[in-house]
Every structure is written in C-alpha cells, then in structure tokens.
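Visitor: I would like a close look at a single part of this structure, and then a walk through other places in the model. Please keep the terms plain.

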Amino acid sequence: MTLARLAELHGVATEYAPSEGVTVAVPEATVVAVLRALDVDASTPEALAAALGAAERAARARLLAPTLVHWRDGPARPALGLPPGTRLTVTTEDGTTVTWPTVTGPTGSAVTSPTSPTSPTSPTSPTSPAGASAGAPPDWSALPLGVHRLAAETPDGRRGAATLIVAPAHAPGPEGRSHGLLVQLYSLLSARSWGMGDLGDLRELADWAGRTHGTGFVQVNPLHAAVPGAPTDPSPYRPSSRRFPDPVHLRIEDVPEYALLGPDRREELEAVLADAGELRERVIGKGALIDRDAVWAAKLRALELIHTVELGPGRRAAYRDFLAERGRALEDHATYQALAERHGHHWRRWPEELREPRAAEAAVRADAELAARVDFHCRLAWLTDGQLAAAADTARRAGMAVGIVHDLAVGVHPDGSDAWAQRHVFAAGMSVGAPPDAFNARGQDWGLPPWRPDALAAEGYAPYRGLLRELLRHAGALRIDHVMGLFRLWWVPEGAEPAEGTYVRHDAEAMLALLVLEAHRAGALVIGEDLGTVEPGVREALARRGVLGTSVLWFERDWAGTGRPLPPEAWRPGCVATATTHDLPPTAARLSGAHVTLRHRLGLLPGDLERERARDAAETAEWLGLLQRLGLLPEGPGDEAAEIRAFHRFLAATPARLVGMWLPDAVGDRRPQNLPGTWDQYPNWRLPLADPDGQPLTLERLAASPRAHALFRTLAEEVGARTAPPGARSV
C-alpha cells in the first residue's frame, strides 16, 4: 500500500484495465523504476518511507496545484480552497499584474476584491475595475487568454505559485463539411522531384486539388527533422526534433538564391542536378525504393553551393527576424546538427563538454568553422519554413477551407536534437509504447523517451507550448498522433518487455487547455488520432473541447451490440472519416485480399492462411452488401474502382465534419506505406505512389488519371452537396 500511495502521488499506475472487467497488476519493479525516472527513490523500505513522507508533506504544504486551468465556459469565480485572508496576484503573459486583496466572507470562506490591472513596475491600484465589487471572489473571466502566473500569500506569510492557463472553451471548428486528401509526402514524386516528394510537390498538389475538385484539405505525414547521418531511420514518426522541419523536403529550385548562383559554380550544380535526375529516374522509371539518404546527400551538396550566394538586404533582414523569433530553440537545434556532423548523432558519446547545450554554445563561439555550420543549419530551417508558408498560402488561394494539415508525432528519437537540447524534461531510461492488446500480445515499445509530467509543469509547459506554436505556424489543422498521450502514456523501463510497463499520467486538463489555446491563436483545427485502446471518458473530453477524432471505416462497428458495421447515421460528427490510414492496407488491398497474402508471406498471420482469407472475404462481403443495400454501389459488385467510390460515398453519408481520402485509394495502389510489426522485412516509409500493378505514378500522371478524377468527383459531389450536420459549430 505504501508503494501504491507513493505512485499515486506521482501519477504512476500500479494497475490498469485493458478491457472492461479485467484488471492487470503492474510489476513492483516497474513502479520502482518509473519512480526512479521521476527522481523518486523507492528502492528500499527505508527509501520508500522517506519518499512517501516527503511527498505527503509537500502535498499538505502546497497552497496551489502546480497548474490551474480556467476555461472560458467554466465558473468565472472558481473556489480555490485557500485560507481566509489569502492575497492573490496574477501576472499575465504581457507582464500586467492583477491583485485581489482578500476579505472574509459571511461563511468564513476566502473571497477577494479585484483591483485594476497595473504595469509590472507600478504599485497596485486600489480602484476596482468596472463590474467588480468589494468582497467578490476573483473573477477570472476578466483575464485575457494566455498562460499566466498566479501567486498566493496567506496572512501568516505562506506563499504559493501556479501556472494559470486561461483557455477558450473549444478549439476552432470547421465551417461546414470538407473533403480532403491524406498523403505521405515523400511518396508523391513529380517530374521535378529529386527522388522523393517535396514541398514543391505539396504546393502543386494543393493547388490542383483545391482548384479542380474543391478539395478542402491535404493532410501530410510529420515533416519533422530526421536524425542526421546515414542510414537514416525512414519513419517520420521517430524524428530527431519535432520542433523544426527537415530540409530534405526543400524544393531546391525554389530557393531564391538558386537562380543567383554564379557561373563559376554552375558546373558543380549541373553535376548535382544530374544525380538528382538519376535518383528520380530510379524510383519512377526503374521501380527502386525511395532512398532518403541519397536524396539528402544530393540536396546538401546543392544547398552548400547556394549558401555561397550572399543574401540581399531584404532577405538578410528577413533571415535575422527569423533568427530572433525562433531564438535559443533554433540555435540549439542548429548546434546539434553541426555537432552531429563532426561527432555523429549519438550525443551521449560526444566529448563531455558538448553533451550539455550551454557548454556546447561556448564551444561553438570558440570554433569559427563550427559557428559557420550552425549558421548554415539555421539558414536551412529558415528556407524550409518559407516553403512551408508558401504551401499553406497556395492552399488558401486554391480555396481550401482548411488547408494543410500537419502531423505531430508522439515522441522523438533518444539520440536526436530535442532529447539533447531538452533532456531535463525527458524521462531517462524510459520509452513510450503500448500495453498488450488484441492486435499485439507482447505490447509495443516505440523507442521514444517520454516527457516528464513534473518537469513540464515546473516549466509552465514551455517546451510543449513552444512545440505547438512551431507546428501551428503554417497549419490549417494539426493532427495529434496518439492523442490519448495528452492524458497518459505507457512507459516501458529500459531492458523490460513492453508488457512490463505502466501508465504515467499527465495533467490532462493543462495539456488540453494549452492545445486549445494555441490552436485558437493560430486559427487552426485540431484532429486527434484516437484509434486503438482509449481510456473511458477521453473521447468525450476531447470532443467537449472541439478536438476532432479519427474514425476509420473498417473499425466502425457496433462492438457493444451486434458487432455489425455501424450505419452512416450512427457515426460521430466530430471526426475525420476515412477508409484507411498509413498503417493499414489500402482499400484495393482489402477488396482483393492482397493484404492477407502479404502478411502471410512475411510470417505475420496469427493463424491458418485459408481460414484468415475466408474471414477477410466475409468481412469485405459484409461491407459490400451494406453498400448495395444503401444504394451506394449502383454499378454493382466486381468493379474495384466503383467499390472504392462506394466506400467513399458511405463516408460522405456520415455526419463527419471532414472526410478524408487516402491518396493511394484514388489510383488503386495495393501496398501499405507502413506494415506495423516489420522492420527489414518490408520497405516501410519508402514506397512511391503506384498503380494497381505497382508501377510508380507521378503527380502529373495522378492529375491525368480518369480513375483518380472519378473518385475526386464522387467526394466533391457527395460531401459538397451536404450542409453542415445539426448542431455544427463555426468558430
């Protein structure tokens, strides 16, 4: 009981419920290891007793919780449970202070009388603002939206402080309904790509889809910076940094200085362009896999040539503004990149003095060559940011209601930039994963160090806020991978099996309030990927704050009743409705059974091949039968392209606010972009968009495809013909 009480005080679970009526106890060794990662020693009975005593004393002495949240639709005068006579002061984001000298109310409870906002250096005004009355509790509805600091002082001199988040009631919502595309950007090559899709291709896709088909959004994979060096982990969901984009996505020819390269460097550039053309031809013409490392090697050569071109006065001023706005975060990231070039990306193996960012900063100042490389990597971040902005602007000008939907991965690589620059907020010796479930009996270990909830709270959630602001800069919407992680994450101690982990809770109210606040400031929607095991109440909490969910056709069944597919009217309105995702088979593979054959070939089927084929065929037949009964398959069964259109008519018939088309479905591609549970057995994250025969398709061929046009047209007609569902909110 002592260990359980200590764990509870630190948000660490000692048991969990994988399904209704089932409770699994967490191994004691796991609880002790997780507490150790939170700097709590429970390794011996004596240490445990001391840690529990210290935690309970701290809880009793605390005047305020570390973080308080005030929602705009919440009580204007919240009860704080403070002693009578406590004085409260709020310092807002802009440095303005508001002080409430307290008095004792009729019931002996602490109530307060607010005074006028003052500047940080002026004395508190004794005059109450309009609408305030002496003896009234603090009216937080008068505070501006933002992340403020609340201080409390009791009559006996005790003091406390907390982060106070004032957030809008909900995130922005879509205006009416929209249909859009889901695409892994690297997979969409054009005649101008250098062996993988880039930001120029994204801009072109958004322009074409928006203007030709009225498409409302394009959702892309995370464009986060990858871990430097070769071979690079191709997964966009295991990045070096989530705060900054990867310059591998740059369209080199669109960099303004490209056209200004002098004749003395043109021969070198022509050699790079020849290599780029060969990379493109290998993938498009010869069926090779996307080679991210080779693409980056070619682009790096070109960018280093372009870097020799002096910036013009206006461009230099814009670059300096970017450096000032991004501040130390960018400097740390660029420093890591430069040091990784010299010492490799495993920063724990670097010379001792370089393992800490501030010490490394001094080393950079003393090394002109290193300082030049830091500036180079800052410049790359600036160039990439500019092309992200251009893609977002193009989407808006093409008439997209939402625009570009960016994706936030659930974590970062332990040897990457963020883990180096912010290691004090990451839990050492821990990895994020998932407990065992019906799809994975061993559980999962994703190899991503988790954020420490206590460290985030101590910093007023500055790392989280900064991350959100970076991702929302050029986003019409932000998708949050594994959005349940705002509430709790499964931590796996180093060396343990994934099943031997446990859940660690975040302050979900604070995490959600900050997400809604930053989305409101950016005017962006928020989409939560809430597939898989979801704790009761999480989807409801997210929906209440305007966070859209993710509903995938094959998973939408009446699990509590008949087990049959949900009719379209039973789907939730607050979601992105799709037929499939990057982790699932394309719809053509489902219809043909190709995904079963693939899993059998790779040894991933849990049972007999024929039995699995029969089960899969029965599921597909059940769906096709429903589509026919609903009149959504007028062409009748047997035509694969028509059946895929019917599935999307079904999605359009739901009340979902957003309907997403997985781009490979438009051309009959059968290959999944990622096959969970595989590493070298399958070319995850390296496949170009292809036709049903596996022949790569360029963006130009996509735009000329009758099959693609037919599916686009179906969505435009079906979604565009409908009005917003009842109760739809426009923000």
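Guide: We can begin with His482, which has a relative accessible area of 18% and is therefore buried, since buried means under 20%. His482 sits in the loop between strand E17 (477–480) and strand E18 (488–493). Its backbone has a positive phi of about 50°, although His482 is not a glycine. Please keep in mind that this is a predicted model.

Another positive phi belongs to Asp39, again a residue other than glycine, with a value near 65°. Asp39 lies in the loop between H2 and helix H3 (45–61). At 62% relative accessibility, Asp39 counts as exposed, because exposed means over 50%. His482, by contrast, is buried.

Helix H1 (residues 2–9) and helix H2 (residues 28–37) have axes that come within 11 Å and cross at roughly 40°. H1 and H2 are therefore oblique to each other. The crossing of H1 past H2 is left-handed. On the H1 side, the residues in contact are Leu3, Leu6 and Ala7; on the H2 side, they are Glu28, Val31, Val32 and Leu35. Sorted by class, the contact of H1 with H2 has six nonpolar residues, no polar ones and one charged.

Helix H16 (residues 594–601) packs with helix H17 (residues 609–629) at an angle of about 155°, and their axes are 10 Å apart. That angle makes H16 roughly antiparallel to H17, because angles over 145 degrees count as roughly antiparallel. H16 and H17 cross in a right-handed way. H16 brings His595, Val596, Thr597 and His600 to the contact, while H17 brings Leu609, Glu612, Arg613 and Asp616. The classes in the contact of H16 with H17 are two nonpolar, three polar and three charged residues. In the contact of H1 with H2, the count was six nonpolar, no polar and one charged.

Back among the loops, Leu145 is found between strand E7 (110–112) and strand E8 (146–153). Leu145 has 24% relative accessibility and so counts as partly exposed. Leaving aside residues up to four places away in sequence, Leu145 touches Arg72, Glu93, Val166, Ala167, Pro168, Leu517, His520 and Arg521. Take Pro168 from that list: Leu145 and Pro168 are 23 residues apart in sequence, yet their C-alpha atoms are 7.1 Å apart in space.

Ala230 and Pro231 are joined by a cis peptide bond, with omega about 0°. Pro231 is in the loop between strand E12 (224–225) and strand E13 (241–245).

Last come the cysteines. A disulfide is a covalent bond between the sulfur atoms of two cysteines. The structure holds zero disulfides. Cys378 has 7% relative accessibility and so counts as buried. Cys575 has a relative accessible area of 0%, so Cys575 is buried too.

Technical notes
Residues numbered from 1 in each chain as written. Predicted model: local features only at pLDDT ≥ 70, side-chain atom pairs only at ≥ 80, totals over all residues. Heavy atoms only, no water. Axes fitted to C-alpha atoms, helices over the stretch in contact; angles between N-to-C directions. Helix = DSSP H or I, 4+ residues; strand = E, 2+ residues; numbered from the N terminus. Parallel < 35°, antiparallel > 145°, perpendicular 65-115°, else oblique. Left-handed = near helix turned anticlockwise from the far one by under 90°. Contact = heavy atoms within 4.5 Å. Nonpolar A, V, L, I, M, F, W, Y, C, P; charged D, E, K, R; others polar. Disulfide = S-S within 2.5 Å. Buried < 20%, exposed > 50% of the residue type's maximum accessible area, 1.4 Å probe, protein only.
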